[in-house]
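Subject: Structure for your review

Dear colleague,

Please find below the structure I am handing over to you. My findings follow it.

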Amino acid sequence: MSARTIMFGMLVLAAPLAPLAARTQQATDAARVSEHGKDLLAQYGCGACHVIPGVDRAVGRVGPSLATIGHGVYIAGSLPNTPDLLAAWIRTPQTIQPRSGMPNLGVSEPDARAMVAYFYALTGE
Ligand code: HEC
């Protein structure tokens, strides 16, 4: 067998593994972002007002439980639940619901996105 044949054989064998590796990488990245989101929810103190499963001391009752927010149809009763709008709500609730009791906590865009990833990864149990 020539070296060329061996090289070709290796390429043919390796090619199907490339998309698998990419998918595994994506899944790992998504898990990392969502894990970061969980830490941020603790850091920003969201749990003072909300129940958030998996987040330390997140047992607040001022606002609604966020256990199933990733699976609900609406945010705050009227806003369609999409990643963009959920992130917007987290950053500036008053621009969406002027009389909302939820304060603007100065959450950055990437931080809000990571929190959204965590909410959508929650199973709601
Ligand atoms: C001082 C209390 C308070 C804090 C702190 C707080 N929230 Fe809220 N939050 C509320 C209240 C009250 C509501 C209900 C507001 C409304 O419907 O106008 C709410 C609503 C929400 C909703 C919509 C819930 C639903 O069922 O539709 C989300 C999502 C949310 N908060 C996320 C967060 C996140 C993320 C943080 C931290 C960055 C946070 N909240 C911090 C009081 C708070």
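In the chain, 39% of the contacts with a separation of 6 or more are between residues 24 or more positions apart. Please note that this is a predicted model. Buried residues account for 20% of the 125 residues.

As to overall form, the C-alpha trace spans about 75 × 25 × 25 Å along its principal axes. The radius of gyration of the chain is 21 Å, whereas a compact globule of 125 residues would have one near 14 Å. Five helices and two strands make up the secondary structure, and their order along the sequence is α-α-β-β-α-α-α.

Helix 2 contains 27 residues, and the distance from its first C-alpha to its last is 39 Å, close to the 39 Å expected at 1.5 Å a residue. Its buried residues are Gly37, Lys38, Leu40 and Leu41, and helix 5 is part of what covers them. After helix 2 comes Gly45, which has a positive phi, near 75 degrees.

Helix 5 covers residues 109–121; its 13 residues should span 18 Å at 1.5 Å a residue, and because its end C-alpha atoms are 18 Å apart, the two values agree. Within helix 5, the buried residues are Asp111, Ala112, Arg113, Ala114, Met115, Val116, Ala117, Tyr118 and Phe119. Their cover includes helix 2 (17–43) and helix 3 (83–91).

Which residues have the most contacts inside the largest nonpolar core? They are Leu41, Met115, Val116 and Phe119, in a core of 19 residues. At least two residues of this core come from each of helix 2, helix 3 and helix 5. Helix 5 supplies the largest share, with seven residues. In soluble globular proteins, nonpolar side chains tend to be buried together.

Leu41 also deserves a separate entry. Apart from its neighbours within four places in sequence, Leu41 is in contact with Cys46, Gly47, Ile52, Val55, Ala58, Met115 and Tyr118.

Finally, I turn to the ligand. It is surrounded by 24 residues, of which the closest are Cys46, Cys49, Gly63, Ser100 and Met102. The shell around the ligand consists of 18 nonpolar and six polar residues, with no charged residues.

Yours sincerely

How values were computed:
Residues are numbered from 1 along each chain as its sequence is written. This is a predicted model: local features need pLDDT of at least 70, side-chain atom pairs count only at pLDDT 80 or more; totals for chains, interfaces and linings use all residues. Helices (H or I, at least four residues) and strands (E, at least two) are DSSP runs, numbered from the N terminus. The radius of gyration is taken over C-alpha atoms; the globule rule is 2.2 Å times the number of residues to the power 0.38. A residue is buried if 20 or more other C-beta atoms lie within 10 Å of its own, exposed if 12 or fewer, and partly exposed in between; C-beta atoms are placed from the backbone. Two residues are in contact if their C-beta atoms, placed from the backbone, lie within 7 Å. The expected span of a helix is 1.5 Å times one less than its number of residues. A residue is near a molecule or strand if its C-beta atom, placed from the backbone, lies within 6 Å of it. Ala, Val, Leu, Ile, Met, Phe, Trp, Tyr, Cys and Pro count as nonpolar, Asp, Glu, Lys and Arg as charged, and the others, Gly among them, as polar. A nonpolar core is a set of buried Ala, Val, Leu, Ile, Met, Phe, Trp, Tyr and Cys residues joined through C-beta atoms within 7 Å.
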